[in-house]
Amino acid sequence: MALVTLVLLQLFVVAAGAHLLTSDVLTEKAPAPVASAEPPPVPVITAGPVLAAGGNGPLPAKGTLAGRLTEALGDPALGDSVGAAVVDAETGAVLYGSGAERGITPASTTKVATSVAALASLGPDARISTRVVRGSAPNSIVLVGGGDPTLTARSSSVPVYPRPASLAALAMRTAKALKAAGATRVTVAYDDSLYSGSRTASTWKPGYVPEGSVAPVTALMVDEGKVAPGSHQRVPDPSRAAYTAFVSLLPKYGVAVAKPAAKAVRAKASAGAQEIARVDSAPMYALVERALTLSDNDLTEALARQVAIKEGEPASFEGAAAAVVRVLARLKAAEGVRVFDGCGLSPKNRIAPVALARLVAAAASPANPRLHPIVSGMPVAGFTGTLGHRFVKNGSVHGLVRAKTGTLDGVNTLAGLTTTRSGRLVTFAFMADKVPPGWGKAEAALDRLAAIVAAS
């Protein structure tokens, strides 16, 4: 008994010593929180609303704003063909203008006009469908393009926004429907007849497709006609490439193709042909956001043609341009807008700075909630899209300026909106189309102009 008692006493001493070595007394640490105790509240700090209600806040002093902008517009990096406009988002009043009514080559800021027209005509929830229908012969099917360039043949698990429709899903649904009807071997044709006219604009420079700025515009394509993920190179015939990819997927789901992909057949589906399967794009608001954030030429051309179809015009470059201007006219925003394509690659496009600034104001207006994706899709200074690397010397306005960029040979533009230092929501357009060599300097000059507005 004595021995057992001694052992127990020793164990107690060791345990007590270990407890003291780790105790709050010796380590001078605060007591550990009780598991059931609620953590102290953490203050949450958020930015103000993107669209200030009613553009509240006093207007910036016109004299001061005009003086600073006029001086900055004289930057030699912008050349001698410069236009500028600053507009009060609430009232539409021009707070500053210099060459504001003169048409200037807009480059990719043309996408603002196309996006406004797409949302106004089609609505933010519209989707673009790619379908498979029955052909005229037994056991024949037709892949029908609806004009969705974001349709993907990739199987990457990396999430992207917006989530694109999947060609594999279309093949799987097609095979399931065919097998349910007892068909396990079919012939396949493709229909890209929704679009008409030339696949490239007559006003585009010949190098745009070879250099990868845009793919030939067709109603059927996958992954915007790129030859491989991450590549800028484009396939010569996006419709045929999409057909080939679709045909290669069908056997994986138990349906054989009677003719090899090398013998692709282009055919128009019969009116009222029975639909077998379909996949839908992301909604229009998300497509517009992607087009603006990434300055996506292929997607914007598709949006312009969707507007043409909805407005009863041919789905061609000419029809799309006419339809976009018609929609803008209904919004009383067409004055000063003349376009030959949807994406802005055409050097013949002309938009007046005040027209562009007023388009942005219309998109920001509480009266036009359908147009608000224009604002949420615009690149954010220092953070997203084509403004992610910009405003290096104006870091104080990171996150405060949202704007669409535009760049062509000799052209640099910037159009967007910001809240001034006093809390007034204003829109702006700064445009230069005779920029001397060294476009990086012109970008910096445009950034300074936007920063002046934000600081006013």
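Arg 448 is partly exposed, with a relative accessible area of 34%. Here buried means under 20% relative accessible area, exposed means over 50%, and partly exposed lies in between (1.4 Å probe, protein chains only). The model is predicted, with local features needing pLDDT of at least 70 and side-chain atom pairs counting only at pLDDT 80 or more, while totals for chains, interfaces and linings use all residues. Residues are numbered from 1 along each chain as its sequence is written, and side-chain values use heavy atoms, leaving out hydrogens and water.

Start with the partner of Arg 448. Its side chain meets that of Asp 75 in a salt bridge, 2.2 Å from N to O. A salt bridge puts a side-chain nitrogen of Lys or Arg within 4 Å of a carboxyl oxygen of Asp or Glu. This pair links distant parts of the chain, 373 residues apart. Asp 75 sits in the loop between helix H3 (62–73) and strand S1 (82–88), and Arg 448 in helix H12 (residues 439–454). Helices (H or I, at least four residues) and strands (E, at least two) are DSSP runs, numbered from the N terminus. Asp 75 is buried, at 19% relative accessible area.

Next, look at Asp 192. Its side chain forms a salt bridge with Arg 199, at 3.0 Å from N to O. Asp 192 is buried, at 3%, whereas Arg 199 is partly exposed, at 27%.

Now turn to Arg 278. Its salt bridge with Asp 280 brings the closest N and O atoms to 3.5 Å apart. Arg 278 is partly exposed, at 35% relative accessibility. Asp 280 is partly exposed, at 35%. A network of salt bridges links Arg 131, Glu 275, Arg 278 and Asp 280.

Over the whole structure, the search finds 19 salt bridges.
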